[in-house]
Amino acid sequence: RYNMSDGTVATRSDYGVGITLDVSLQPRSSPFSNESMKAFLDQYKERLQQSPDTQGKFDLFTTLAQSQKDVSKALGVEGGLAFSYGPVSGDAHVKFAMDNIQGSLDLSLVVRASQLGRVVKNDISDINALVMKDGVKNSIKSGKMDLGTFRQQYGEYLVVGFEYGGQILFRSTYSAKSSQDKMSIAGGLSLSYGKMGFDISGKVDGNYSSDDISKSTNIETVYSIFPSSDDPLINGPDGIIPLLKRISTPSSNDASNLDGGLAEQVQAKMQKLLSGKQLDPVKCIIVDLRNVGCVDDAFPGQAQKEDIKMFFKFANPMYMALKEMLHGVKAISQSYDENAQIQAMKPTKEIERWLSSLE
């Protein structure tokens, strides 16, 4: 058999063990017999019962990301980019990254907290015990169904288990008029968050002050919490999100009040939220459907002919880089329009050429 290495994507309420997923991570119909699928599910239930319901490990990461590539890494979605095309991905975490691509004159402060550790999944013997439905086998034998048709109908991946836990993603994006202002904002954020007690990856050192944050022309904040919850720890008066929003936009008058206690306060609230109940599935563990034993047997010599993951690994970073450039060109154009002193020097034709190529 081929290497049965697996990957993880953000789970959804309509995902379950034994479900097959297409390239957009949408559920498809199953090609496997009811009997073999029942045995597959029973095996997972047994593994789940035997697995200790541990709370896992709590991690908190704070990252100053000056490029979209840095943002993807900070959000922890790099692995998910290999399994679907981001703009139409069914992975909620990948979609969160794709829907909030920053420009070349933007930078983001990303806070990611996670409580993960309990992994339950079926192994290779369970996977290779799956049997195709007779109707599917007959269609393949008669030549009515080739590997391409099979994948269109039944998908690319098989869900074999889950990782249990929870995750909080918070991102505050700062727009600048120039690369010099962008660096100053980065320095101001590094200084402010450092004073509050955050251990920042990607921080910028230098002769900066908290006042440099005011050089940003716009500040946008977005967040995602999984599993979703109405807990007052999230959006209450002193909840995690209001607190993060407050410390993401420190004014010169407020900067003196943003001390080291805030970092500890945020971390304590996050840890309490993520570990205060029985952990839910947060990541879905998938394997390549074409590597399942009976699929390999049905398409001898074809199962490893194409590798769509290599395409996704190329296409997703390319898409994000182009969108990042597009936002940057729009920001440059806007800067010319808003400054009467340089408006007449605006390279309109060049900007229009770039916009038409990138849009």
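1. Helix α9 spans residues 240-248, and in this helix I240, I241, L243, L244, I247 and S248 are buried; buried means under 20% relative accessible area, exposed over 50% and partly exposed in between, with a 1.4 Å probe and protein chains only. The buried residues of α9 fall within an arc of 160° when seen down its axis, so they line one face of the helix. The arc is taken from the directions from the helix axis to the C-beta atoms. Helices (H or I, at least four residues) and strands (E, at least two) are DSSP runs, numbered from the N terminus.

2. This is a predicted model, in which local features need pLDDT of at least 70 and side-chain atom pairs count only at pLDDT 80 or more, while totals for chains, interfaces and linings use all residues. Residues are numbered from 1 along each chain as its sequence is written, and side-chain values use heavy atoms, with hydrogens and water left out.

3. The largest nonpolar core has 35 residues, and F32, F40, F150, L158, F162, V292 and V295 have the most contacts inside it. Such a core is a set of buried Ala, Val, Leu, Ile, Met, Phe, Trp, Tyr and Cys residues joined through side-chain atoms within 4.5 Å. Two or more residues each come from α1 (34-50), α5 (134-141), α6 (147-154), β6, β9 (280-288) and α11 (293-298). Strand β6 gives the most to this core, with six residues. A second, separate core of 33 residues includes L189, M196, L233 and M270.

4. Residue F162 touches, among others, T11, Y15, Y44, R118, P281 and I285, not counting residues up to four places away in sequence. Contact here means heavy atoms within 4.5 Å.

5. Residue L25 lies in the loop between β2 (20-21) and β3 (27-28). Its phi is near 65°, a positive value in a residue other than glycine. Most residues other than glycine have a negative phi. At 0% relative accessibility, L25 counts as buried.

6. Residue G76 is found in the loop between α2 (68-75) and α3 (92-98). With a relative accessible area of 44%, G76 is partly exposed. The C-alpha atoms of G76 and F61 are separated by 10.0 Å, and these residues are 15 residues apart along the chain.
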